[in-house]
Amino acid sequence: MTLSFPNPTRAYDETRGFIRFIGHDGLNQVLFLLPVALFEREGATNRRKERDYLLAFDRLRERILTTARQAYQSRRRHMIELDLSAFGSSLQSAT
């Protein structure tokens, strides 16, 4: 089966500094963790809030989901943490 994202829900985990979202491969759920540090601009001094991170995720949703699919194809695990190397370039310039 192909990984899909039928539920657009995403959640911010402030304690761990991630946005969590879920994909489905048939009946299997796959948890993805996206570090919010990927959205930070170098030299930024003001701390972003949950709303800012979720809006940034929504603006970049297609790019993030495409990257998540690629990561799942290569790893096929039930939990995948995405990082900067998964994107090939920073998400900072797109936010």
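User: How many aromatic pairs does the count come to?

Analyst: Rings of Phe, Tyr and Trp (its six-membered ring) pair if their centres lie within 6.5 Å; planes under 30 degrees apart are stacked, over 60 edge-to-face, and the rest tilted. By this rule there are five aromatic pairs. The ring centres of phenylalanine 5 and phenylalanine 21 are 6.0 Å apart with planes at 45°, so this pair is tilted. The model is predicted: local features need pLDDT of at least 70 and side-chain atom pairs 80 or more, while totals for chains, interfaces and linings use all residues. Residues are numbered from 1 along each chain as its sequence is written, and side-chain values use heavy atoms, without hydrogens and water.

User: Which parts of the chain does the pair of phenylalanine 5 and phenylalanine 21 link?

Analyst: Helices (H or I, at least four residues) and strands (E, at least two) are DSSP runs, numbered from the N terminus. Phenylalanine 5 is in the segment before E1 and phenylalanine 21 in strand E2, 16 residues apart. Phenylalanine 5 also forms a tilted pair with phenylalanine 32, at 5.8 Å centre to centre and 50° between the planes. Phenylalanine 32 lies in strand E3, so this pair ties together parts 27 residues apart in sequence.

User: Are phenylalanine 5 and phenylalanine 21 buried or exposed?

Analyst: Buried means under 20% relative accessible area, exposed over 50%, and partly exposed in between (1.4 Å probe, protein chains only). Both are buried, and phenylalanine 32 is buried too.

User: Which residues do the ring pairs link into a cluster?

Analyst: The cluster consists of Phe5, Phe21, Phe32 and Phe57.
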